[in-house]
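Hi everyone, thanks for coming along.

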Amino acid sequence: MKKILKKASALLIVGLVACTGRTITREQAISVLQDIKAKQAEEGFVYATDFSVTQVTHMTASNGYYADYSTHLMYNAAEQKVKYEAQTVEEAGSNSGTESQVQWFYIDSGTMYQVTDSDTSSGHNKVYNRTTEGVDEAWAELVTSIQTMFNQSLAQTCNPDFFIGALQGSITQDTTTTEVTIKSELYTSTGDGNIVGSFVGSGSEGTTEYNSLNANFTFDNNRIVHSYVVITVDSTASTAEISGMAITCDYLYSNIVITLPNLADFTDTTTPANPQ
């Protein structure tokens, strides 16, 4: 189970929430984002109990090759249900193709189920297994894993620091610093914990110049709802070099509906076949 879950650890997330807030300045936008960051750091702040996280990364190379990586993680705590979807679409000559996987984890009548629908170059497999032993411990471990995945999804372009840095002209992540020049921008807010923003600009990272570095984002109730960041590079380098990247992230925190699969369509791989 851990091995499968780790495949989602690189989660990297469209639809702006409707907002009728007042227009604010860049300096005011920075202040709102700093207040959101401080609120998130407060003891007792709960980012999410239930959630749905959708992230799509589109990458292009200078030779026209591209790849789309999408993930969708859903968690309903009260119903003890998890659903994870991942898909990769690549156009890269002989390596072109599409692979996908959908997984469900849930507890029903004291039995924990793991159901997998995997469609890869190795074939299309639909299997499930179940257990009645150590269910509480296994579920707790699963929840810890998906909470880690959720936190990782916030770490790149879905946190206040990223946009504070962009608005202040310099984004630092790990040991990398990206200088940002904003050419046009718009920010609105309905009050504490809420901001909808967008900017169009350019940037540089070391000797790499970005033709564009554009973004839009929404925070509400001190939590990220949407972010979209796109970077393009004027590159004539090797075919392996990235010439453009767009990262889209969308979050929901309530009314998370997870529809379970029909086990009759899957093969039971439980060992032994009927655990008691």
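Let's begin at Glu42, which is partly exposed at 43% relative accessibility; buried means under 20% relative accessible area, exposed over 50%, and partly exposed in between, with a 1.4 Å probe and protein chains only. Its side chain meets that of Lys39 in a salt bridge, 3.4 Å from N to O. By salt bridge I mean a side-chain nitrogen of Lys or Arg within 4 Å of a carboxyl oxygen of Asp or Glu. Lys39 is partly exposed too, with a relative accessible area of 33%.

A word on where this comes from: it is a predicted model, so local features need pLDDT of at least 70 and side-chain atom pairs count only at pLDDT 80 or more, while totals for chains, interfaces and linings use all residues. Residues are numbered from 1 along each chain as its sequence is written, and side-chain values use heavy atoms, with hydrogens and water left out.

How many salt bridges does that rule give? The count comes to 6. Another of them joins Lys37 and Asp161, whose closest N and O atoms are 2.9 Å apart. This pair links distant parts of the chain, 124 residues apart: Lys37 sits in helix α2 (residues 26-41) and Asp161 in helix α4 (residues 160-168). Helices (H or I, at least four residues) and strands (E, at least two) are DSSP runs, numbered from the N terminus. Lys37 is partly exposed at 39% relative accessibility, and Asp161 is partly exposed at 40%.

Then there is Lys83 with Glu85, a salt bridge of 3.8 Å from N to O. Which of our categories does Lys83 fall into? At 17% relative accessibility, Lys83 counts as buried, whereas Glu85 is partly exposed at 27%.

Now for the strands. Please find β10, residues 194-205: 9 of its 12 residues are buried, so the strand is largely enclosed by the rest of the structure. On one hand, β10 pairs with strand β9 (residues 176-191) in the antiparallel sense over 10 bridges; two strands pair if DSSP finds at least two bridges between them. Here Val180 has Gly203 of β10 as its bridge partner. The β9 and β10 hairpin has 2 residues between the strands, and Gly193 there takes a positive phi near 80°.

β10 also pairs with strand β11 (residues 208-220), antiparallel over 8 bridges, and Val196 stands opposite Thr218 in β11. That hairpin has 2 residues between its strands as well, with Gly206 in the turn at a positive phi of about 65°.

What about positive phi in residues other than glycine? Gln80 has one, near 50°. Gln80 lies in the loop between β3 (66-76) and β4 (81-91) and is partly exposed, at 29% relative accessible area. Asn221 has a positive phi of about 55° although it is not a glycine; look for Asn221 in the loop between β11 and β12 (223-233), partly exposed at 48%.

Last stop: Asn125, in strand β7 (residues 123-131). Which residues does Asn125 touch, leaving aside those up to four places away in sequence? Thr116, Asp117 and Ser118, where contact means heavy atoms within 4.5 Å. Asn125 and Phe266 are 141 residues apart in sequence, yet 8.4 Å apart in space, C-alpha to C-alpha.
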